[in-house]
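Here is a short briefing on one protein chain. Read it alongside the sequence and the coordinates.

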Amino acid sequence: MPGDTPAGQDNAGAAPGVSPAAPARAGHAEAAPEHPGTPEAPSGPTGRPEPRAGTTPAGAGPEGPQPRPDRDRGDGPAGGPAPTVPPGADAQGTGGPTGGGRRTPPPGNRKGRPPRRGKEPGGGLLMGRPFGVPVYVAPSWFLVAALITWVFGGQLDRVLPELGNLRYLVSLFFAVAFYASVLVHELAHTVAALRFKLPVRRIQLQFFGGVSEIEKESETPGREFVLAFVGPLLSLILAGLFYLAVQAVEPGTVPGVLLAGLMISNLIVAAFNLLPGLPLDGGRMLRAVVWKITGRPMSGTIAAAWVGRALAVSVLIGLPLLTQSGALGDAPDEIGGMDTVMDALLAAILAAIIWTGAGNSLRMARLREHLPELRARSLTRRAVPVETTTPLSEALRRANEAGARALVVVGADGEPLSLVREAAIVGVPEHRRPWVAVGGLAQDLTDGMRISAELAGEDLLDVLRATPATEYLVVEDSGEIYGVLSAADVERAFVKAMARPS
């Protein structure tokens, strides 16, 4: 089952069994941590602002600064110099989780409470929660169910013409039964992931099959291999069970045709997903083998991704040729012009999905390799404290004088109360800023919006995902204000990490 998507996904295809890649989360093998889910705020001009009253601090204008890791993090604690990044701030090692479980730094909220978990992801119609994992049916499933009903109905008309229009009801039952077997394929991945203590975000049935979104990478190549192999194995087992059932019923009947169709479909799903290229399950297995030989997950990803791209080209060219030659069952003289167009279209869609999934695998692997370099300290903007009634123009003047790029609203005792939203600053015309108080532009702080300056890598992403927001207050372990972290800066850091060569 194709599984390497940015969402941390494992995909079981619906004849032949691939699903489109979609962005998302650190997951089964090559998945990446998903974006924290926060809307991107407008960002400010590049470089430091000119110190004049009435202007927005850097980062509040139309073009945001690029984060500068290592040398100049661009910011420091409120009113003070930018401190250095302490050694050992990474939450996880490069290239995947370290043995013995994750090391999670304190979330950094002053009251010591863990961050609240974010809203559970949707993805269509919720069908149930086997093993505690939500299963969704995407709207695109209804489209492919209608397509399967139409195609299989035409085949039934040739085999069982006496059914008449009832053949479409039988075909719809076949479409539902087939996707039930795809769900079993996905549940095999899910059970294996839970057995290895890897969290599964959701299962989604969609246009080209199923997707299991596994949020962490396997810790060893052996587990990676098992996690990839169990899906096709279950599809093969289902094909065998349907074969035994076919022997027990009379051929040429509705049950016989349905069981034979499900047997063949599961064989196709298993065979296609065992092809050795990402994002298919066979690609994950190849990745595990290369990882075991070289000792580097990234080497396995590169090898399996390039094989996947070669596979995409082969599907694009080879599938129409096989169909035209009659190797897939129909005689060449029975293949019409519309059949040729449909075969070419199907080949193009499958090839695009495989090619895109392979490319996503490479990008997500690069992101994971550079993920420990993403530190709250290096991405945080320097902030100045202001009171609720401070005019915006005065607050911006203080920020410019201090070289700060964010505003924190504090109470009389200095306790932070809210963050002035960057988007709100941009929306206030310059001539009105002397009459607009910063309190009206601020977002109240919640516990989840207070994060530790020590957070890095995947632990930082987990905290941001738990409470989606555009800005976060970054604090020291002592509770002292360090600065403000913008979700837009984190997103830009993601993009740079994925584009950076390994």
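**Salt bridges across the chain**

K216 is buried, with a relative accessible area of 11%. Its salt-bridge partner is D462, with the closest N and O atoms 3.7 Å apart. The model is predicted.

**The K216 pair**
- The K216 and D462 pair links distant parts of the chain, 246 residues apart.
- K216 sits in the loop between strand 5 and helix 3, and D462 sits in helix 11.
- D462 counts as partly exposed because its relative accessibility is 21%, and buried means under 20%.

**Other salt bridges**
- The search of the whole structure finds 19 salt bridges.
- E213 and R202 meet through their side chains at 2.8 Å, N to O.
- E213 lies in strand 5 (residues 209-214) and R202 in strand 4 (residues 200-206), so this pair ties together parts 11 residues apart in sequence.
- E213 is buried, at 0% relative accessible area.
- R202 is buried too, at 12%.
- A network of salt bridges links R201, R202, E213 and E215.
- D489 forms a salt bridge with R381, and the closest N and O atoms are 2.7 Å apart.
- That pair also links distant parts of the chain: D489 is in helix 12 (residues 487-499), and R381 is in the loop between helix 8 (376-379) and strand 6 (383-386), 108 residues away.
- Both D489 and R381 are buried.

- Three strands form an open, mixed sheet in the order 10-11-12.
- Strand 10 (450-452) and strand 12 (481-486) are the edges, each pairing on one side only.
- From one strand to the next, the twist averages 35°.
- Strand 11 (residues 471-475) and strand 12 run antiparallel and are joined by five bridges.
- L473 has V484 in strand 12 as its bridge partner.
- Helix 11 (residues 457-466) packs on the sheet and touches strand 10, strand 11 and strand 12.
- The direction of helix 11 makes about 175° with that of strand 10.

**Surface patch**
- L233, I237, L241, Y243 and L244 form a nonpolar surface patch, with about 480 Å² of accessible area together.
- Y243 belongs to helix 3 (residues 221-247).
- Y243 counts as partly exposed, at 44% relative accessibility.

**Whole protein**
- The secondary structure comes to 12 helices and 12 strands.
- Of the 502 residues, 54% count as buried.
- The accessible surface is about 21300 Å², and 63% of that belongs to carbon and sulfur atoms.
- Among contacts with a separation of 6 or more, 67% come from residues 24 or more positions apart.

Terms used. Residues numbered from 1 in each chain as written. Predicted model: local features only at pLDDT ≥ 70, side-chain atom pairs only at ≥ 80, totals over all residues. Heavy atoms only, no water. Patch = residues over 30% accessible without salt bridge, like charges linked within 9 Å, V, L, I, M, F, W, Y side chains within 5 Å. Areas by Shrake-Rupley, 256 points an atom, 1.4 Å probe, with all protein chains shown as cover. Salt bridge = Lys/Arg side-chain N within 4 Å of Asp/Glu carboxyl O. Helix = DSSP H or I, 4+ residues; strand = E, 2+ residues; numbered from the N terminus. Buried < 20%, exposed > 50% of the residue type's maximum accessible area, 1.4 Å probe, protein only. Contact = heavy atoms within 4.5 Å. Pairing = 2+ DSSP bridges. Axes fitted to C-alpha atoms, helices over the stretch in contact; angles between N-to-C directions.
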